[in-house]
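Subject: Structure for you to look at

Hello,

Here is the structure we spoke about, with its sequence.

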Amino acid sequence: MATNGTSDLKRKQGIVSSLCKHFSLDPKAFSSQVPGNDIKTLYTNILKSSGKESPQNNDEVMKWIAFADSFPSDSKACHGGLNELNTDLAKKSVLLGNGFTPSEADVIVFSVIHSSMIALSTPEKDKLPHVMRWMDYIQNSEDLGALFEKILLEKPVFEPQIAKAAAKPEVTSSAKGTVQNTKIADKPDTEKNAKKSDSADAKKKAKGDKEAVPEKKAPEKEASDKDKELSVSLLNIQIGLIRKAWKHPSADSLLVEEIDVGEAKVRQVVSGLAKYCSPEDLTNRRVVLITNVKPGKLRDVMSEGLVLCASNEDHTKVEPLLPPEGAKPGECISFSGIDGKPEDVLNPKKKQLEKITPNLFTDEKGVATFKGIPFMTSAGPCTSSIPKASIK
């Protein structure tokens, strides 16, 4: 391993603690083994104590253990390994495994690179978006907050973009007025004289135009109503915790979940996620869901909500949005600068959901947004491992 002394010992202690957390074992039972063994031996001993057999992809696990064993402790020397990892994570949520369930390889590599990622500057972290997203996911899904310092994801600065958007009409209006004034000033006197005879008609026309102005208020009101109809504030978006999940009894593409949203009883929700993850993947996972959709049956099973998922362009990769660690079930999502009371129940006839969801997407860092404004909780933004994804 490319470390020595205290740093080597501390790194292996972190690996043992996180692996024991992964396998539900007591790390104290392995503390005496840390000084005299390498990562491979420690992993083998912990796996054996867990009573589980070696995974089918054991060769791949060993490959990542070798990566961890050779990873340098010097933050200046680690860039090559981190860039390699960033490339590998560009098209998947976890290093090994199916769907969203982290493997022991994910836990080991996370433990090894954590201190190096903490030491990086913000610009350096920005160059590793897939590693940052993956680390946030592993820390949350494996509940490693007590073992490792949280690596805060830099939130995109959206306010300047909104400010620019607000300022644009003023600039355009000013520019337009300048051009019009210039054109009027540039008209030759002969043209002005030629139109003197029409001045009376022009005045009448101007007067008629002024009288016609009030008639334009109707479309303005219509546009205002349309904006209100498209506001994300109509949706009651909350944090949920999936307590139980199982396959739909009569639809292979559907899963049924019982989700805790801080109410007296759990909500039953039907989701089209069977192709992308198993019930085991979803159990005890935090999600983001819309809770004011009209309840209804999907293939004879009642559904009382809609789990929001990120999807890449060709829908080959789909995953539920991930709330940050610390967000509590039942907490409502907020959007900076957008106020309004959600509907008690969305009206399917108005197609409100269909009009709003085209404006939901993840940005280049995987932060979930409405028109670029993050899905915010008291603990930070909701995210996905899929950047520039649609959200439905």
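Which helices do the buried residues of α4 pack against? This is a predicted model, and in it they pack against α3 (58-70), α5 (104-119) and α7 (129-141). Helix α4 covers residues 79-88, and its buried residues are G81, L82, L85 and N86. Seen down the axis of α4, these buried residues fall within an arc of 140°, so they line one face of the helix. An α-helix has 3.6 residues a turn, so residues three or four places apart point the same way.

Helix α3 also meets α2 (residues 39-50). The axes of α2 and α3 come within 9 Å and cross at roughly 135°. That angle makes α2 oblique to α3. On the α2 side, the residues in contact are I39, K40 and Y43. On the α3 side, they are N58, V61, M62, I65, A68 and D69.

Next, the strands. Strand β1 (residues 237-247) pairs with β2 in the antiparallel sense, over six bridges. Within this pairing, W246 has V256 of β2 as its bridge partner. Strand β2 also runs antiparallel to β3, and five bridges join the two.

Is strand β2 largely enclosed or largely open? Five of the six residues of β2 (residues 255-260) are buried, so the strand is largely enclosed by the rest of the structure.

The last item is R267, which is found in strand β3 (residues 267-271). Its relative accessibility is 17%, and because the cut-off for buried is under 20%, R267 counts as buried. What does the side chain of R267 reach? Another is the backbone oxygen of E304, at 2.9 Å. Leaving aside neighbours within four places in sequence, R267 is in contact with E257, E258, I259, V261, T291 and E304.

Regards

Note on methods
Residues are numbered from 1 along each chain as its sequence is written. This is a predicted model: local features need pLDDT of at least 70, side-chain atom pairs count only at pLDDT 80 or more; totals for chains, interfaces and linings use all residues. Side-chain values use heavy atoms; hydrogens and water are left out. Helices (H or I, at least four residues) and strands (E, at least two) are DSSP runs, numbered from the N terminus. Buried means under 20% relative accessible area, exposed over 50%, partly exposed in between (1.4 Å probe, protein chains only). A polar contact is a pair of N or O atoms within 3.5 Å; within protein, one must be able to donate a hydrogen and the other to accept it, and residues adjacent in sequence count only if both atoms are side-chain atoms. Contact means heavy atoms within 4.5 Å. Two strands pair if DSSP finds at least two bridges between them. The arc is that of the directions from the helix axis to the C-beta atoms. Axes are lines fitted to C-alpha atoms, for helices over the stretch in contact, and angles run from 0 to 180 degrees between N-to-C directions. Angles under 35 degrees count as roughly parallel, over 145 as roughly antiparallel, 65 to 115 as roughly perpendicular and the rest as oblique.
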